[in-house]
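Subject: A structure for you to look at

Hello,

Here is the structure I promised to pass on to you. Please open it first, and then read my notes alongside it.

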Amino acid sequence: MEKPVATLDRGTTCSAWNYCGERLAAGSVDGSLSVLDSRDPSSSSFTCSSKFKAHETGIVKVTWIPPEYGDAVACISEDGTLSIWEELVEGTQPLLWKLCKSFKTSSKVLDVQFGVNQTSLKMVAAYSDGFVKVFELLDPLELNNWQLQAEFQNVIDSVSTFGKASCLTASISWNPQRGEGQESSFILGFNSNTPQLNSSKMWEFDPAHQRWLPVAELALPGDKGDQVYSVAWAPNIGRPYEVIAVASQKGISIWHVGSTPDLDGRLSIEKVALLSGHNSEVWQMEWDMSGMTLATTGSDGRVRLWQSNLKGTWHEQAAFEPTSS
Amino acid sequence: MAISAPQNPSQVHRFPQFKYIDAVRWLPPVSAFDRFAAIAFFDSDSNSPSIEIHCVNSNLQSSFPTLTSQSSWAPPSRISSLKTAHSTPQPVIAAATFSGSLHILASDLINGGMIESGGTLSELGFHSGPVAAVDLREGGTECVSVGEDGRINLVSFVGDSSNLSYRRIFDANGLVGYTAVKWASPSEFVTGGYGFGLQWWDQRRPGGPVSQFKGNWCQGKTSGIVHSIDIHPSRKHTCLAGGSSGTVFAWDLRAQQQPIVLAGAGTGEAAMSLLSESEVWEVQYDRYTRSSNISNISSTRILPVMICSEDGILAVVEQGEEPIELLADPCAINSFDINQQNPSDVICSLEWESIAILTRS
Amino acid sequence: MPGASSDSTSGALVPLLPEAQGAVVYPLHHGLTSPVSRLSISWSRGNSLRISVFASPSVNDSDNEDAGGKVVEVKLGGGDGEISDAHWRRITYGSVSPFALLQSRKNAASGLSKMSMNSSPYNVDWWEYIMEYSKDISALLGNQKSPSNPVIDDPESVIKKGQEPTSLKAAWELLEMFYAEKPSQSWLPERLVDWLADYNSLFSGTHPTVHSKLIDFQKELVNLQVVEDDPKYWEVMSSALAVGWLDIVVKMLRLHGSYQLDQLSNRETENGLVEAVAVLISKMPRMRLEQKAGNLGECFKAKPDFVKAWEKWRAQINKLDSSAFWFQCAHQQTREGLRSMLQVMLGNANSLCTATCHWIELFISHLLYIRPFTVGLESMYSLAQKCIQLKSVASAHRLMRLIIGILGENTEVVLAECSKGFGPWMVAHALELLTTGSDLAEMLLHEEHQNLGGISIEELHRLVYAEVLSSHPLTWQIAPIYLTSCVKQGMVLLQILLSKQPVQHNQLLFKNIEICRLYELDGISSNIMKIAGVYHWKHGRKGSGVFWLQQARDEYRLNRIAQQLFDSVGKTISDESFKQWEGLIQLLGSESKAAGGLEFLQKYRDFKKSLQQVHDGKTADATHQAVESLISLMKTPSTPQRFWLPLLYDSLKLLNWKDRPLLNVSQTNLLLNKLQELSMARLRPDFIEAELPSQALNSVRLALATNLGRAILEE
């Protein structure tokens, strides 16, 4: 059956595995961050190798930075500050986790995700006022030097801005493909009191004009104000279209997004499934590496797995219910 | 992956293990009939590493030998390097781990092969990160260890002191990393590392390498690292090394910066037979091939060499001759050892959780 | 199905079952005592899912020793309760070569058929290849073919317990006989008889079988004084006879009391009847290719010969049945027992039904005694349906579902049963058999599905299997073999798989890079090397870091490193610390392109050394050496432009040498030209300004001009 791989300290509230699944970062309610790993190659038993205080308040989210930039994590704390920590050896000092950068703003950071392309590392942060900021790393070997590249709100027509937006959560998912000629793009949705911000939109970088453009809105006309809990962009191993999962209060919808834009620069979209299962809030959605299976968790306390059959019909394949015995 | 069968009539016996094999070494025999081997395992189901003493029984009635475990010892971490040496009264085993510790073990082969720990070094300053390679000096009283952290340590053990002490020979502070080591004489040893570089050290002249063999001799072609070094007791001036891209070369101290390439990358000669393009994990002088007329071979000629590779080749390479393939497996051969006392016997560890024992006739 | 499972429910969690049933809810044991507050999920490599379970902070935190959370891993689609993980890996390893060989033969065959337009790739050789493949795979699943056939001499032991048969092997043999051995279909009934003899014990777990009856009787046998008095003796023999285990029956008959020497005289007729039946049983004609050594029955390869022998044999049974000797047999149990055995041999449907337990046994008995000429799956299928009606079972064994699928000639069902019952390994390897020789099946399995993003069912199942392989650190290296047989989506999945491998340890890293080399994935391999380079560089192993970045040809990072090194080399120029840099500079090499601008450090080191000597007052040679080094540094294109000014500024003492001009006219001109170039470059936006005093450029220019003047005068 299930195999235990690690034990977490009391007060752990969030965790994230690195790109190869060999290190786990776990954030705690007291603001400390633990890193679990194994010294043996190919081991599946992980123990804490470092623990340090990353924030004064509890950590609510932790994300690994792509491995091309070192062993580093970004942490979001309860008060909405974002910090970047890196494991490194400096001079003759022993290996330790060091604070590289701390971002403090009046509005809280709700989610942060990293996207890598040929030469640069981009960081997208979504804020509680409905704004999105894209930062770019200036020096590939130093994680302290970030430049703000763009700042915009998650709305499809850029004319209107919403000053008094108050967002509870946000979810960002980068396009996992990073081949040559692939422009950076990500999907973003909010859970807020401002309907226009909520629906998940796909943003793509336009290198000619150095700006981010919304290329698709993944919501049916009647659902555009729905609060979005989570978004997940599936790996594409050869499909002519992209698959994206969006969880809102109405359930989990699976979208197919075409690759060629129309005259307005918008991509064709099709909602192929609406799945219900977690009853209320969906906490997290993750695609497996082939993009064939979607795993989700939600406030019903279960893990659910979803797959499509030959006819293209999505269905729940299995569920896991945690039990203590 | 080559699937061709070897041409020569050696007998091969395979022993599937249900565990990954990190290293294999013969142990010096205690009687004429028994052969013992030290094997480092990793059980991936239970995440437990072990070192076991196995007895290889070749039953004369059936031609099929058996491999039976005599005893087992649990190291704190997986084994990154394993060496054995003849010593009285018991053979000595040096085992280095990925967590940076070194263990000196002894096995009483006459009485059931129990493993006794002769001492452990696991303090923080010993190595930072894994120990990349160790080598035991003939007679088994000293062990040299190297790591990618750039440290070279000399561990001495006399008698059965459970506390090992070590001396730092050099610390390159990570600016240079070492991946292989081999004793050349009681006071000299050779290390190998990145860029096919080799360094000759002499304890009598501390402070740095006495002589360096420059890496990057392959001039712009793919460079690599040295995985294994061997030095023949009768040719101490020549250091044999195997590494990336099927490279096997010898460095003759007398011909300073010119390598003698036996196989693989970086050769201008088109005639060079390309045995394997993948990693050569281990090299050892083959004392079996033409062992009788070793004295006839000119001192500039490199003695026959056995290699094993990532693409599943176990072969004997001789300068200027076609290599002889002893095994061509669909999976990698990660390590092998030629039995010193009975060089017709070779033990190999295969990637797919099995051990092969080769008896050449 | 996560991990191990019981035999009956080992339906593997694989995608795309033809009919989606309601999702199964599996319990997830985490062992925490506090209630769970939240979960977090993450896919590891392949199809292993890691779930973090966080406990709610309890009220009295201090006296709670419980952990704050657990991380558990579940693997989907792998495993089988019958076979341990380690054993599965052995099967996995062993199936690589047969699969790869068959694929290469397939590619060669399709290449040939393309050249000669309309010839089918399925020629005679092809059937041989398929059989070779099937036999290779079958051999992996267990060696002992027939554990239950008695060849022992111990008269007390009726049935021998050999190596435990596995359902997996049984399933493979079924597929082999129905798909790979297609040309020999007339022997199919007898193949099924053998199959049941080998694997009957598998069904005993949930249902009584002939095998379990035999085992039970075997236990009682020791305590029986007079076997023929026990009705079970006769019952068991009829059962064994019904499913064609002639050897066992004959052996059991010979245990009959009338054979004992002291009884022979007064039980002559009885013994004669027993022996007559035994002889008839051992003479049973059977339509099969060959008989296993020591087995009873007479073999006939051709149908006409068989028919003749069959009729003759039946006539003999009838004759014995109506013989008068029965009235002379005093022992009632013997009389009745033997006659009911004759009824079995005569194909009395009721007798067969009574003698057998499981429907498959009844099915086999029908094939043996009622319809020995049954050919074609259709008639077998209807016979099977009939037998199932007579012997209905609550839960069907996975092998039974597979048989029904095969007999029903429904490839999709067969595939689904293989998948549900035996997992992704089975499906990926069985596909080779299913597609052979059936155009219909081939079309079905090779048709591209838009809903799957344009891949076929065959490719889908190989991808699924590759994911299973990817999820274990010891088997992921095999996944490429299967992924490269997936023409549409395999390569991208392979790239993702390779990118998710750890880089910390050299051995694993080299194995990873080797796979990149084999499949010409240079981009992936440079990225892996880049990750390794950054990892080592940041973790204090600068030498390893630089090496890997060089291998990755990552000029971008190497240039940044050159900058950092320049700073530290500049700072720590003392002899002692230089010894350590020596090795790194050595590694950087001299002229190779891959050094990415770092090899200038070597020259820079020489320059700094001699400059140091100049400052120390050791003039003469040192000044000359320093000038040489400076010129060489400025000449070589590998010296980055941003270092030009610092170099010149460092050399001010040389340029302003009191005694005589150290640089000749052409040397001075070279430096002036470089300075000019630098002034131009400063106008470009990407110019990196060196951290030097603001008057640096002017003082260098002035010094050079002065030097030029003095040099001209000297010459």
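Let me start with one residue in chain B. Asn173(B) counts as partly exposed because its relative accessibility is 37%; buried means under 20% relative accessible area, exposed over 50%, and partly exposed in between, with a 1.4 Å probe and protein chains only. Asn173(B) sits in the loop between strand E13 (165–171) and strand E14 (178–183) of chain B. Its phi is near 50°, a positive value in a residue other than glycine.

Residues are numbered from 1 along each chain as its sequence is written, chains are lettered from A and ligands numbered from 1 in the order in which they are written, and side-chain values use heavy atoms, with hydrogens and water left out.

Two more residues

Glu520(C) also has a positive phi, about 55°, although it is not a glycine. You will find Glu520(C) in the loop between helix H21 (506–518) and helix H22 (522–538) of chain C. With 66% relative accessibility, Glu520(C) counts as exposed.

Asn47(B) lies in the loop between strand E3 (35–43) and strand E4 (48–57) of chain B. Is Asn47(B) buried or exposed? Asn47(B) counts as buried, because its relative accessibility is 17%. Apart from neighbours within four places in sequence, Asn47(B) is in contact (heavy atoms within 4.5 Å) with Ser42(A), Ser43(A), Ser44(A), Ser45(A) and Phe42(B). Asn47(B) and Arg78(B) are 31 residues apart in sequence, and their C-alpha atoms are 9.2 Å apart in space.

Chain A

Chain A has 1 helix and 25 strands; helices (H or I, at least four residues) and strands (E, at least two) are DSSP runs, numbered from the N terminus. The radius of gyration of chain A is 20 Å, close to the 20 Å that the globule rule gives for 325 residues, so chain A is as compact as a globular protein of that length. That radius is taken over C-alpha atoms, and the rule is 2.2 Å times the number of residues to the power 0.38. Buried residues make up 63% of the 325 residues in chain A.

Chain C

Chain C has 31 helices and 6 strands. Of its 715 residues, 57% count as buried. Among contacts in chain C between residues at least 6 apart in sequence, 65% join residues at least 24 apart.

How confident is the model?

The model scores ipTM 0.96 and pTM 0.90. For single residues we use pLDDT, the predictor's confidence in each residue, from 0 to 100. Chain B averages a pLDDT of 85, and 86% of the residues score at least 70. Over residues 1–7 of chain B, though, the pLDDT is below 50. The mean for chain C is 82, and 84% of its residues reach 70 or more. In chain C, confidence is highest in helix H19 (residues 479–483), at a mean of 96, and lowest in helix H25 (residues 575–588), at 62. The pLDDT stays under 50 over residues 1–20 of chain C, and also over residues 145–155 of chain C. Where pLDDT is low, the predicted coordinates should not be read in detail.

Enjoy exploring!

Methods:
Predicted model: local features only at pLDDT ≥ 70, side-chain atom pairs only at ≥ 80, totals over all residues.
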